[in-house]
Amino acid sequence: MSISRTSRRAGSLVAVGALAFALAACSDSGTTNPGATGSTGSGSTTSDAPAALSGTLAGAGASSQGKAMEGWAAGFADIAPDVQFSYDAAGSGAGREQFLAGSTLFAGSDSALKPEEITAAAKRCFGGEALELPVYISPIAVIYNLPQVSAANINLDAKTLAQIFDGKITKWNDPAIAAQNEGVELPDLAIIPVNRSDESGTTENFTEYLAAAGEGAWTHEPSGDWPVSGGQSGNGTSGMVDTVKAAEGTIGYADASRAGDLGTVAIKVGDAYVPYSAEAAAKVVDASPAAEGATDKRLVIELDRTTTAEGAYPIVLVSYDIACSVYENAADVANVKAFLTYVASEEGQARSAQPDVAGSAPISAELRTKIQAAIDAISVK
Amino acid sequence: MPVATAPASSALTLTGNRLPRWAPWASVAGSALVAWGVLVLTGEHTATTVAALTALLHAVALTSVSRYVEGPRRATDRLATTLVTVAFLLALVPLVSLLWTVVSRGAVLFSGTFLTTDMVGVFGDMTSGGVAHAIVGTLMVTLTATLISVPIGLLTAIYLVEYGRGPLAKGITFFVDVMTGIPSIVAGLFAFALFTLLMGPAYRSGLMGAVALAVLMTPVVIRSVEEMLRLVPNELREASYALGVPKWLTILKVVLRTSVAGIVTGVMLAIARVIGETAPLLITVGMITRTNWDVFEGRMATLPVFAYSQYQQGGVGVDRAWAAALTLILIVMLLNLVARGISRAFRPKTGR
Amino acid sequence: MTPVPTSSQDSTVPGGGQAPHGAVTTAAGTPAGVPAGGRRTTAATMDEDMHDDSSAWAAPGPTAVDHRVSGHAQPPAPAVSLRASGASRVADTIFKGVSGATGVLILVVLAAVAGFLVLRAWPALTASPDELAKISWMNGQSLLEYVGPLVFGTLLSAILALGLAVPLSLGIALFITHYAPRRAAQALGYVIDLLAAIPSVVYGLWGALWLAPVLDPIFRWLSDTLGFIPLFAGYTAPARNVLAAATVLAVMIIPIITAVSREVFFQTPVLHEEAALALGATRWETIRMAVLPFGRSGLVSASMLGLGRALGETMAVLMILSPGYLFSFFLLKPGQHQSIAANIAAKFPEASGLSVSVLIATGLALFVITLAVNMVARWIIARRAEFSGAN
């Protein structure tokens, strides 16, 4: 369609070259974009470039990936300027639904596909199956608003954290907290726990952590919806951060990139207290086994919340990009492959890891190899 | 005559004793001074507390003095004046602060480039990018909604004013009133339910949002057009009939023409009413970063949803949200001005 | 009162069907005539308009002219005039039919709103408790148990908002119409109109940014001094409770209520007011005796409009309220209440399948509430209109 436009772009030669490199990795699947053969006459396109990507690539899903997606979209536009890329950060549920209904080519989701969705995915994917690629790993920071505490972090273990969020510990100078924070002068101030009021992957991961590591102090089921009622809460990450900022003594949890100048909790792992960091988040992912039912296409990770691995930060959100192993036409295949390859690439991961973009944790080389293998297997019906 | 019967030299007036004109102002000033003094002493002098205490003291002082000097009726009047004024000022505080907040926070990123660029390729802390795509989306969706609701609204209003008699017209009038109260999110859910049933669960388009807005807009259009048509003097209609003009032509050429200014104004105000709707668009139209000119297919960016989603992103997004809000208000203002201009230009000069 | 044929005549003259062709041509001829005339109207006075019209009619196609001229220039033979009106009667019937049909369309749309909501909510309405229990935020409740607190929260926040907004709006409207100088009144009226059009997201942003810190000390004081009343007990900062949400809602609906009641007050017959003043009434007495009685039904309908807005408001509540799902009268405690609309907006993105149906079912409940409120309002207004001499 708009192939001829490619040549008009000044940087297209470089772009196509980069793309050729990206696609060379998956030569065995034998997809050269047939649409590209028609791109004669415009002259400047190198004849052996596999494809000038074009068309639309629509995705929708997790809002947690929203900022990272913006970064990736910009990076992807550099290598494929003619692809109309869009990502609607409408939420994981909406994203999965729209993907399964076939209106988007990929979805972002904070949770893995449910069994019935996997069945539905086979139909949507023209007999293929769904790919679940853990491309976005982000530490969840436990944030608090205590301007009078000058220490860099407050140290807490999972049990204390669970009791705080369950309303069992109500004062900042409670002995349970003080015992873990020698030398820190804790104020005699009521603790105001803040939770997310909407259903979210952040809440789900946080409650999973509390339930798994809380030594029984957290009696509620892990859920995307906060189980304790009657407390302060905020809608979305912004609502959460704003609420925590609005009063002293508050404590909440949010995507680490949004912690800003609020205090953050160092979590007890093994015998040490680990503050959040991208590397620490990546470590727990590497230390975690694959989830039950995971395949080499559905790379679902069962996060090991009780890990004692040194320097690992266990409160982590893993968000998946969900795509098909089979698409209807070659253009879709080429676009999806190119995009996901970019996202999983070192460059793409470095982009999203920038603190001003999303502050995510780059995936490890080992995970990248697995992801790339899954991407390479995407084929035309 | 009271003048004749009053021997005292000082009371040569027709009215009873009145407080001087400066009395209320003096009372305000005195109350403010006392309030400030008292609150400084108790150490709680903030603008809010001083204002509150001033109002209270002023009301009490002026009313009691007036009651003593002028009698109970005037005292009640003065109390009412004070209360009305205080209510007015009290309500003005949030409204003024609202406008001020939007303008001052919105001005941070607001610029010509902001209005003419979209969000493609903008990420992280970049302050570039803008709302061009959202402006286009908002205008397209609103225009589509207008195209749906104005003909329906116009014809229904004509029916009600010119033809409507009997139970049907009564029923329509009643349900139009009821329809005015449909919450915007319900209209959004309706559009969502309608289109997902017809077009499959994943269909998203500007049209979907436009239908939701049209549901909200139509009753407003009907109401205002109806009012305008009723303002057309019956003499005009009768004159037209007397000339042998059939009724439908009379309506088209006399009634509508006479009231066209009011109708346009009404439509403009109805547009202003729906252009800022967020919730129905949030669940129907979605959000993208580039301009979409196709109302029938694909997501569209709209200003209110853009503002909300940028706020959700935090960081620079919050500034962008305010700038988008400012843009939206400017558009609404522009619509209002255009409406006023049109009504002035079209207003029949011999009408009332 | 109109010389135009009534429907009974319509049915007696079968000739109406005789000239469908003529009717079509006239109908087709009009659209061409209308824009041209319409453009002229911009500059013309109304008198000129009338002349304009008659001259414009002389211009178009011959069929139309013939009828018109024969219609009123010569004292005609009855047969001719009958034929002329017969043709136009068809056009008239069509026009009436079309406009009536759109009127009916309104009813259809309203029915469709209800119908489609029911259709999409049906899976939730008929779902077994086991299926509903799978939705995490239902907490094992039945649909009714889930909707109940939401309805309560919606009504509570809207009624509180109305309680705050109506006295203030009344004050502003009276100030503008009866206290402020005329010029200032116009300017203020314009500002109020503008505020009525400010999108609700902006109110939400403003509420979180500006209002919550302002309300905090007030709520703290309320909770400290009046905390023995359960209503005001247990305030927890930040100010994200139902009273804060109601305050924002009040600020949102003040412009709407003010705008409508201002119009109503302006329409008070000047004679009534002058009569009151002539009797020596003070300004307040004039308002109480002449203005308020006249404007009462308008005020009620303005308030109902505001209530409707407050009931359905989504974004502001979503951004300001810490939601909870309880039947609770703790106005200052966070996490006690939630409105239906905000709940839908909060839950919708992550919802799929049955949970969407549940949300639409709550939307249906909201629809029913607003319908009920509006109907009651209409009924009140109609009753007042019947009994009050003012109207």
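**Interfaces and the fold of chain B**

Me: How many residues does the contact take from chain A and from chain C?
Reply: This is a predicted model: local features need pLDDT of at least 70, side-chain atom pairs count only at pLDDT 80 or more, and totals for chains, interfaces and linings use all residues. Residues are numbered from 1 along each chain as its sequence is written, while chains are lettered from A and ligands numbered from 1 in the order in which they are written. Two residues are in contact if their C-beta atoms, placed from the backbone, lie within 7 Å. The contact takes 25 residues from chain A and, from chain C, 23 residues.

Me: Which element gives the largest share of the side of chain A that touches chain C?
Reply: Helices (H or I, at least four residues) and strands (E, at least two) are DSSP runs, numbered from the N terminus. Helix 4 (92-100), strand 7 (232-234) and helix 9 (236-246) of chain A each give two or more residues. The largest share is 5 residues, from helix 4 of chain A.

Me: How do the residues of the side of chain A that touches chain C divide?
Reply: Ala, Val, Leu, Ile, Met, Phe, Trp, Tyr, Cys and Pro count as nonpolar, Asp, Glu, Lys and Arg as charged, and the others, Gly among them, as polar. The division is 5 nonpolar, 14 polar and 6 charged.

Me: Which helix of chain B gives the largest share of the side that touches chain C?
Reply: This contact takes 86 residues from chain B and 82 residues from chain C. The largest share is 19 residues, from helix 4 (residues 72-106) of chain B.

Me: How do the residues of the side of chain B that touches chain C divide?
Reply: The classes are those already set out. The side of chain B holds 59 nonpolar, 18 polar and 9 charged residues.

Me: What distance separates the centres of domain 1 and domain 2 of chain B?
Reply: Bounds come from an automatic or database domain assignment. Domain 1 of chain B is 8-106 and domain 2 is 132-346. Taken over C-alpha atoms, their centres are separated by 43 Å.

Me: How many residues does the contact take from domain 1 and from domain 2 of chain B?
Reply: The contact cut-off is as before. Domain 1 of chain B gives 4 residues and domain 2 of chain B gives 5 residues.
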